[in-house]
Amino acid sequence: MNWSKEQSNILDNCDRNLYIAAGPGSGKSTVLAEVAKRLLDDNKKLILLTFTNKAAKTITKKVNNKSNVIAGTFHGLCYKLLIDTGAEFNICDESKKRLIIKKLFNCKAD
């Protein structure tokens, strides 16, 4: 594959933590997938944080769904970790949050 100068720089320095910020369609997911493939050759475990579920799915697919790759958004990975620990919790949307707060403080519901 023909890599841009910036992409080549990332791939040449993929032996440490990386922060990649670039616009849509610039090849971030493709570069991260290539980084993952290179690191997986060393049997390392990877956690790849992305900003969208679509990017996480793309990266996971490009590294062939390897079991030692965890890819997702920050919130999604935190959710997975909580589930894996057996923690009991609930996720509330905005309306549920308001209802709970009103009940806690004995406020009248709207």
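The structure is a predicted model, in which local features need pLDDT of at least 70, side-chain atom pairs count only at pLDDT 80 or more, and totals for chains, interfaces and linings use all residues. Residues are numbered from 1 along each chain as its sequence is written, and side-chain values use heavy atoms, with hydrogens and water left out.

**Helix α2**

Helix α2 covers residues 28-40, 13 residues in total; helices are DSSP runs of H or I with at least four residues, strands are runs of E with at least two, and both are numbered from the N terminus. From its first C-alpha to its last, α2 reaches 18 Å, close to the 18 Å expected at 1.5 Å a residue, the expected span being 1.5 Å times one less than the number of residues. Its buried residues (under 20% relative accessible area, with a 1.4 Å probe and protein chains only) are Ser-29, Val-31, Leu-32, Ala-33, Val-35, Ala-36, Leu-39 and Leu-40. These buried residues pack against α1 (5-12), β1 (46-50), α3 (53-62) and β2 (69-73).

Two packed helices are described by the angle between their axes and the distance between the axes. Here axes are lines fitted to C-alpha atoms, for helices over the stretch in contact, and angles run from 0 to 180 degrees between N-to-C directions.

| Helix pair | Angle | Axis distance |
|---|---|---|
| α1 and α2 | roughly 25° | within 10 Å |
| α2 and α3 | about 40° | 9 Å |

The α1 and α2 axes cross at roughly 25°, which makes α1 roughly parallel to α2 (angles under 35 degrees count as roughly parallel, over 145 as roughly antiparallel, 65 to 115 as roughly perpendicular and the rest as oblique). Gln-7, Ile-10 and Leu-11 of α1 meet Val-31, Glu-34, Val-35 and Arg-38 of α2, contact being heavy atoms within 4.5 Å.

The angle of about 40° between α2 and α3 makes α2 oblique to α3. On the α2 side this contact involves Ser-29, Thr-30, Leu-32, Ala-33 and Lys-37, and on the α3 side Ala-55, Thr-58, Ile-59 and Lys-62.

Asn-43 lies in the loop between α2 and β1 and is exposed (over 50% relative accessible area), at 67%. Asn-43 and Asn-68 are 25 residues apart in sequence and 8.1 Å apart in space, C-alpha to C-alpha.

**Cysteines**

Zero disulfides are found in the whole structure, a disulfide being a pair of cysteine sulfur atoms within 2.5 Å. For Cys-78, the nearest cysteine sulfur is that of Cys-92, 17 Å away.
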